[in-house]
Amino acid sequence: MNEMYVNFQKETGLVKPVHGVCCAPYGVNMGDNQSHIKNRFKEANIPYCRLHDCCGGWGKAHFVDVPNIFPDFDADENDPESYDFHYTDEYIGAIQDAGAEAYYRLGVTIEWGSKKYAANPPKDFGKWARICEHIILHYNHGWADGFEYGIKYWEIWNEPENPGNRFGGCMWTGTKEEFFELYKITSKYLSKKFDDIKIGGYGSCGFYAVTRENMPQTHKDFVTYFTDFLEMVKENNCPLDFYSWHIYTDDEQEVLSHAKYVRETLDKYGFTKTEAHLNEWNFGAEGKSFADKHNMTGASFDAAVLCLLQNTNYVDMANYYCFSLEAQYNGFMDQNDYSMSLAWYPFVAFGNLYTLGNAVEVKCEADGVYATAAKNEDKYDILAVNYKNSESRTAIHIDGCEGSKTVWVFYIKDDCPMQEAFSFSCFNKTDLTISLPEKTVVFIKIR
């Protein structure tokens with residue numbers, strides 16, 4: 001039997017915003033009434049929504065990307081008429097209305113095709129920085145009939161080191177040195193203009209060569225790109241409030257290994273106050289495992305990752321990729337009727353923990369079994385998962401629930417998304433033994 005211990009008397013810090021997402025389920029035909037966004041984001045208390053690859057290829061020409069908002073690079077960057085904010089206003093407005101916060105990627109959507117429209121380096125880095133300034137002014141300071149959202153995180157570019165395919169780089173066609181220059185100019189300029197935002201980047205492709213043998217040279221170069229970037233930032237005294245990176249894998253421990261590597265490397269180079277953001281992750285290898293993203297294989301992996309990221313100090317924020325309508329990587333929704341898949345419900349459960357605020361001590365003694373828990377003054381929640389352990393029985397030892405309480409046990413398993421299984425009464429502490437077979441998630445509420 002697997003053993004699990006939860007002590008609500010021992011607080012370990014705050015529940016972290018690791019259940020963020022990339023993109024939002026925006027529908028053009030909904031206008032300002034983006035019900036898919038507002039209903040789902042509220043249901044799971046989504047904290048942050050990263051804006052990258054929004055609405056499909058080329059940002060559907062009108063969303064978020066700098067060339068979409070400022071389509072004529074030769075236009076006057078100080079003139080509001082040079083900007084097209086319309087659809088991005090709708091998109092971000094729904095996110096903010098839902099209680100989440102936009103996390104704005106300043107850059108372009110991935111371009112896999114034979115012609116690159118936006119992945120080329122801007123022809124004037126200083127002007128590009130000034131254009132970004134006006135985008136921030138629009139969303140945070142009301143410029144050009146804008147808003148005062150107070151968007152905190154502004155990410156410079158995404159995966160500039162991505163080697164792309166036979167047509168070349170799909171995110172950045174310039175050199176490493178050119179990207180470093182863009183980051184240096186833009187980050188320093190924006191930091192002088194705004195003292196109320198956080199600036200970072202660069203959405204690294206990831207660090208597969210750290211944990212896998214026989215990786216191609218392109219993947220090995222991801223590692224040196226990272227360390228060279230840190231050297232450049234340090235040498236030029238550039239802002240780096242957060243560093244962002246990505247991973248696609250079915251190994252929850254590989255996620256943890258990469259998170260540890262990033263945190264330790266940042267610390268080694270003196271960036272101890274720089275936040276670490278895993279702002280793209282999903283089940284399986286990139287470009288594969290699409291069916292499993294929706295079923296209990298993906299759901300249990302998601303729950304395991306959420307538990308691991310919460311229970312360790314390596315990551316400050318995480319964003320699942322992705323939550324767009326009509327997107328292969330969206331494991332949350334059936335792409336035919338937009339019904340919610342099993343993989344969505346671990347995020348709903350974690351969102352409940354997030355609202356409670358205070359994380360507590362959890363110990364799991366079995367490999368492949370994970371849990372995390374949270375409390376406020378009189379509410380207690382536990383999220384637990386058996387991702388890959390053959391033992392089907394788990395004993396959960398719960399201590400520190402003050403006073404007389406009722407325990408509700410909900411299962412997330414095949415054909416059973418967040419369904420109450422049973423409930424009982426307890427006083428201060430309790431032990432319960434439940435069936436928790438492999439690829440099963442359980443959510444426990446104590447009130």
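This is a predicted model: local features need pLDDT of at least 70, side-chain atom pairs count only at pLDDT 80 or more; totals for chains, interfaces and linings use all residues.
Are the two partners buried or exposed? The cut-off for buried is under 20% relative accessible area. D65 has 4%, so D65 is buried. R105 has 0%, so R105 is buried as well.

Strand β4 covers residues 101–106, and six of its six residues are buried. In a regular strand the side chains alternate between the two faces of the sheet. Here, E101, Y103 and R105 are on one side, with A102, Y104 and L106 on the other, and both faces are covered.

What does β4 pair with? On one hand there is strand β3, residues 48–51, which pairs with β4 in the parallel sense over four bridges. In that pairing, C49 stands opposite A102. There is also strand β5, residues 153–156, again parallel to β4, over three bridges. The bridge partner of R105 in β5 is E155. To get from β4 to β5, the chain crosses through helix α4, residues 125–141, and this β-α-β crossover is right-handed.

E155 comes up again on the charge side. R50, E155 and E280 are linked in a network of salt bridges. R50 lies in strand β3 and E280 in strand β8, residues 275–283, so the pair ties together parts that are 230 residues apart in sequence. Both R50 and E280 are buried.

How many salt bridges are there in the model? The count comes to 19. Side chains of opposite charge can pair when their charged atoms come close. One more example from the set is K38 with D97, where the closest N and O atoms are 3.9 Å apart. K38 is in helix α1, residues 35–44, and D97 in helix α3, residues 86–97, so this pair ties together parts that are 59 residues apart in sequence. The cut-off for a salt bridge is 4 Å, and K38 to D97 comes in at 3.9 Å. K38 has a relative accessible area of 18%, and the limit for buried is 20%, so K38 counts as buried.

Key
Residues are numbered from 1 along each chain as its sequence is written. Side-chain values use heavy atoms; hydrogens and water are left out. Buried means under 20% relative accessible area, exposed over 50%, partly exposed in between (1.4 Å probe, protein chains only). Helices (H or I, at least four residues) and strands (E, at least two) are DSSP runs, numbered from the N terminus. Two strands pair if DSSP finds at least two bridges between them. A crossover is right-handed if, with the strands pointing away from the viewer, the path from the first strand over the helix to the second runs clockwise. A salt bridge is a side-chain nitrogen of Lys or Arg within 4 Å of a carboxyl oxygen of Asp or Glu.
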